[in-house]
Each structure stands twice: as structure tokens, then as C-alpha cells.
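Here are my notes on this one, as numbered points.

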Amino acid sequence: MAYISSLLTHGHWSVLRVAGTVDDRRVPALRAQLDEAVDTRPRVAVDLTGCRLTGTRWMSVLLGAAHRAHERGHLFAVVSPRPHAARLCLPVLARGGRLLLCESAEHLPKLKPAERR
């Protein structure tokens, strides 16, 4: 299955749902979509539930998006990573990375009224 994505709204979050295979050839498209989303939306989550991740470049794309969002004062989360994605994310989290992992969109942080835009 080819890589496809769609941007949906879940509460106060914009969720980029990724499906298909994300390999090193498709990483630039994912990077462009995430960069645009975190530049224009205050809360972005990327949902990896429906995709297969291969290669290694996708992790730097997620970390880059998290860093970009943090620089802008925005929130960024990774939703429902596959088990191998979670294993690769754990060392990053242990080193103080800013990558928020959620099991599902329902587990995205709820915002206090003062935090809503």
C-alpha cells in the first residue's frame, strides 16, 4: 500500500493520520506535511496506527517536527506508535527528547480553558 495521509481534527488537536508504508523515499513528503502543520496549527499529532515504518529517517522527521513545534510554542504528539516505533522512541525520551507518545487520539492531553486557541 502506498503512503497516504489525511489531516483531521480531534478536539483541539489537528491529527495527521498516516497510512501505508513510510520508507526513506517517502520521508520528505512526511516532513513537508508535518512542517506545514506545526507551522500553522498550535496542536499537532501524527497518528502512525495505520502505517508501516521502514528505514530510519522517519524518526528524525518526528523529532524535527517536535522541535519545530516547541520552538513555536506549539504542542506535538505521536499517536499509537507501532511496537517497533515505541521501542525506537524510548531511548529518545530517556535522553530528554520532547516527543509525547499517546496510545490513541483519546489520550491526547486535554487543554485547560486558558490554553485553548
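1. Which residue takes a positive phi in the hairpin of strand 1 and strand 2? That would be G11, with a phi near 65°, in a hairpin that has two residues between the strands. Strands here are DSSP E runs of at least two residues, helices are H or I runs of at least four, and both are numbered from the N terminus.

2. Ground rules before going further. This is a predicted model, where local features need pLDDT of at least 70 and side-chain atom pairs count only at pLDDT 80 or more, while totals for chains, interfaces and linings use all residues. Residues are numbered from 1 along each chain as its sequence is written, and side-chain values use heavy atoms, with hydrogens and water left out.

3. The overall layout: the chain has three helices and five strands, and reading along the sequence gives β-β-α-β-α-β-α-β. Of its 117 residues, 40% count as buried (buried is under 20% relative accessible area, exposed is over 50%, partly exposed is in between, with a 1.4 Å probe and protein chains only). The chain exposes about 6,500 Å², and carbon and sulfur atoms supply 54% of that; the areas come from the Shrake-Rupley method with a 1.4 Å probe, and for residues only the protein chains shown count as cover. Taking contacts between residues at least 6 apart in sequence, 69% join residues at least 24 apart (contact means heavy atoms within 4.5 Å).

4. Now the strand pairing, where two strands pair if DSSP finds at least two bridges between them. Strand 1 (residues 4–10) and strand 2 run antiparallel, joined by seven bridges, and H10 has W13 as its bridge partner in strand 2. Strand 2 and strand 3 are parallel, with eight bridges, and R17 sits opposite D47 of strand 3. Between these two strands the chain passes through helix 1, and this β-α-β crossover is right-handed (with the strands pointing away from the viewer, the path from the first strand over the helix to the second runs clockwise). Strand 2 is largely enclosed by the rest of the structure, because nine of its 10 residues are buried.

5. Strand 4 (residues 75–79) is worth a look from either side. Five bridges pair it with strand 3 in the parallel sense, V44 having F76 as its partner in strand 4. Strand 5 (residues 100–102) also pairs with strand 4 in the parallel sense, over three bridges, and there A77 stands opposite L100. Four of the five residues of strand 4 are buried. Strand 3, helix 2 and strand 4 form a right-handed β-α-β unit.

6. Helix 1 (residues 27–40) has 14 residues and spans 20 Å from first C-alpha to last, close to the expected 20 Å at 1.5 Å a residue (the expected span is 1.5 Å times one less than the number of residues). Its buried residues are V27, L30, L34, A37 and V38. They cover an arc of only 95° around the axis, so they are on the same side of helix 1; the arc is that of the directions from the helix axis to the C-beta atoms. These residues pack against strand 2 (13–22), strand 3, helix 2 and strand 4. The face turned away from the buried side carries exposed E36 and T40.

7. Helix 2 (residues 57–71) buries W58, M59, V61, L62, A65, A66 and A69. Their arc is only 160° around the axis, which puts them on the same side of helix 2. Just after this helix, G73 takes a positive phi of about 80°.

8. V46 lies 5.0 Å from V78, C-alpha to C-alpha, though the two are 32 residues apart in sequence. Not counting residues up to four places away, V46 touches several residues, including L16, L34, L62 and F76. D47, also placed in strand 3, is buried at 7% relative accessible area. Beyond four places in sequence, the contacts of D47 include R17, V79 and S80.

9. Last, S104, in the segment after strand 5. Is S104 buried or exposed? At 18% relative accessibility, S104 counts as buried. Leaving aside neighbours within four places in sequence, S104 is in contact with V79 and S80.
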